[in-house]
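Come along as I look things up one at a time.

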Amino acid sequence: MKIYQYLLAPALLVVISSAAFASSPRSQIVDFYRQQAGEDFSAERGKQLFSTRHDGGKPETPSCTTCHTSSPKNTGKTRVGKPIAPMAVSRNADRYTDLKKVEKWFRRNCRSVLGRECSPREKGDFLTFMINQ
Amino acid sequence: MLGKTGRITNPEPAGKILVWDLPTRLFHWSLVLATSSAAITGFLAPEWWLNIHVWSGYIIIALVVFRIIWGFAGSPCSRFASFLFSPAQTISHLRSLLNRKPGHFTGHNPAGAIMIFALLAILAAIGISGLVTLGGQENQGPFAGFTSFAAGHTARELHEILATTLLFMIAGHLIGVFIESCLLRENLVRSMFTGMKTAYGNPKDLASHPQSSILAAIIVIILLLAGATTIWALGRIPASGIIAMPANSTYSSECGDCHSAFHPSLLPAASWRQIMTSLDDHFGEDASLDQQTASKIASFLDHYSAEHWDTEAANNLRHISAQNPLIITASPYWQHRHSNISDDVFKQKNVGSKSNCDACHADAQTGLFADQMIKIAPVQINQKP
């Protein structure tokens, strides 16, 4: 055995463990909402938020599914027909990695669909659902 | 034939001779083909045939140039001098036609002569007005660098009036050929193929020897090369009315997330301003942006709105719909230009909606919307919902 092999093994260990435990941008965003909400999130409630027909906002967009289809794994469609990348993290690894963008779309779409801003708990539930999808 | 006094004298037929030399005949039938192609693509074909229309026009101009040179250098009956008649001679010939006893002419008769000169003149005028139209309205061709949209618009009207007039003149030409053929009992159409036609008087005077073929060929080639070079060089001047617009990633990503990022020249500044101040209710959706992003986009749109361009799209779309001043597709011009396209085309999967300009206009992102770049998205059959 050469000396570098003794060095390589611990080095690899450090790299792997840091990747596993370092908080990813996505989990940082979930943490951000958890701090605001002060409670744990539920994927089940997130699913409900996604699938329910709210009718609270603009008549053109009664629910999330109007544009995102009934499954977050599907490619959605904006009202003018432009494709929307799937919401599910399993289908789109870029999702929920930029807090500014996440906040922008929650602000817009909660107002459009629910007619109000979403609470931190709703946002966290929604993200938890999408991350598990 | 006309005597020196202008009176019609009718010499006896003296057998068939070669009256129309080969270059004149080739010119005639090439002109028929090129004019037919220009007329069909101009009057009937959809916009995206524009290139064929323009090339037909260039060929017509080249043919007219050749014919003018040949009018001095060709064989006797092709030379202008052989069919320049005085008004008195012309009137006298027309009278003889009314009496159904037309005077005998080996080459062009006075009525035909007027038609030849008129046709050459109108074809040249149609060609030039066409190039001005192309430069002004489409920002293309040799005149694009210095022709305004307004000038192109005027040229287009002239081009259309002249082209319609040409159709009537062609009809007149054909009727004339038919009448003369009947009255003289000679198939003049066949003569234009074979070149052979009955000679009157002394055929030796009219023997078909071009004056100076080689010189004519050299002059024609030089003129055409000079013309083509000039057109090519002028075509390299950047089109006027198109301003340099740097790519704006904020605009294209923020707005392009939901719909195509429309070229800013497609709406006037007032409409863009109104859109940017009402993003929280953007056609039935909340499209609000943070202040910094919004003002960045607003100033970009303000800077490159329809007022700043002299393109066909900008000039026409700046006349917005009174009811829907924010909707590009509601403008009278947009509606008019898309009236032939069925709703099925817009609804299908590969288009999505009327707001997807890029689906059929390959150059939508440039704001130019050139006729040649239109490709109507094919209607898809059995598409999945």
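**Entry 1: ground rules.** Before anything else I noted that domain bounds come from an automatic or database domain assignment. With that in mind, I found chain B divided into domain 1 (13–235) and domain 2 (249–373). I also wrote down that this is a predicted model, in which local features need pLDDT of at least 70 and side-chain atom pairs count only at pLDDT 80 or more, while totals for chains, interfaces and linings use all residues. Residues are numbered from 1 along each chain as its sequence is written, chains are lettered from A and ligands numbered from 1 in the order in which they are written, and side-chain values use heavy atoms, with hydrogens and water left out.

**Entry 2: confidence.** I looked up pLDDT, the predictor's confidence in each residue, from 0 to 100. Chain A has a mean pLDDT of 86, and 83% of its residues reach 70 or more. Residues 13–21 of chain A fall below 50, and beyond near neighbours in sequence this stretch has 1 contact in the model (contact means heavy atoms within 4.5 Å). Chain B averages 91, with 93% of the residues scoring at least 70. Its residues 1–7 are below 50, yet that stretch has 20 contacts beyond near neighbours in sequence. A reminder to myself: where pLDDT is low, the predicted coordinates should not be read in detail.

**Entry 3: the two domains of chain B.** I found the C-alpha centres of domain 1 of chain B and domain 2 of chain B 46 Å apart. Their contact takes 11 residues from domain 1 and 10 residues from domain 2. Together they bury about 950 Å², 42% of it on carbon and sulfur atoms; buried area is the accessible area (1.4 Å probe) that two parts lose on being put together, summed over both. Which residues of domain 1 of chain B lose the most area to domain 2 of chain B? They are E47(B), E138(B) and F149(B), together 51% of what that side buries.

I then searched this interface for salt bridges (a side-chain nitrogen of Lys or Arg within 4 Å of a carboxyl oxygen of Asp or Glu). The rule finds 1 between the domains. R337(B) and E47(B) meet in a salt bridge, 2.6 Å from N to O.

On the domain 1 side, α2 (50–73) and α4 (110–138) of chain B each supply at least two residues to the contact with domain 2 of chain B; helices (H or I, at least four residues) and strands (E, at least two) are DSSP runs, numbered from the N terminus. The largest share of that side, 3 residues, comes from α4(B).

**Entry 4: chain B meets chain A.** Next I turned to the contact between the chains, which takes 19 residues from chain B and 15 residues from chain A. The two chains bury about 1,500 Å² between them, 41% of it on carbon and sulfur atoms. In chain B, C258(B), E285(B) and D286(B) lose the most area to chain A, together 34% of what that side buries.

How many salt bridges cross the interface of chain B and chain A? The rule finds 4. I looked at R111(A) and D286(B), whose side chains meet in a salt bridge of 3.0 Å, N to O.

**Entry 5: the whole structure.** I picked out E39(A) with R121(A), their closest N and O atoms being 3.9 Å apart. E39(A) lies in the loop between α2 (25–37) and α3 (43–51) of chain A and R121(A) in helix α6 (residues 120–132) of chain A, so this pair ties together parts 82 residues apart in sequence.
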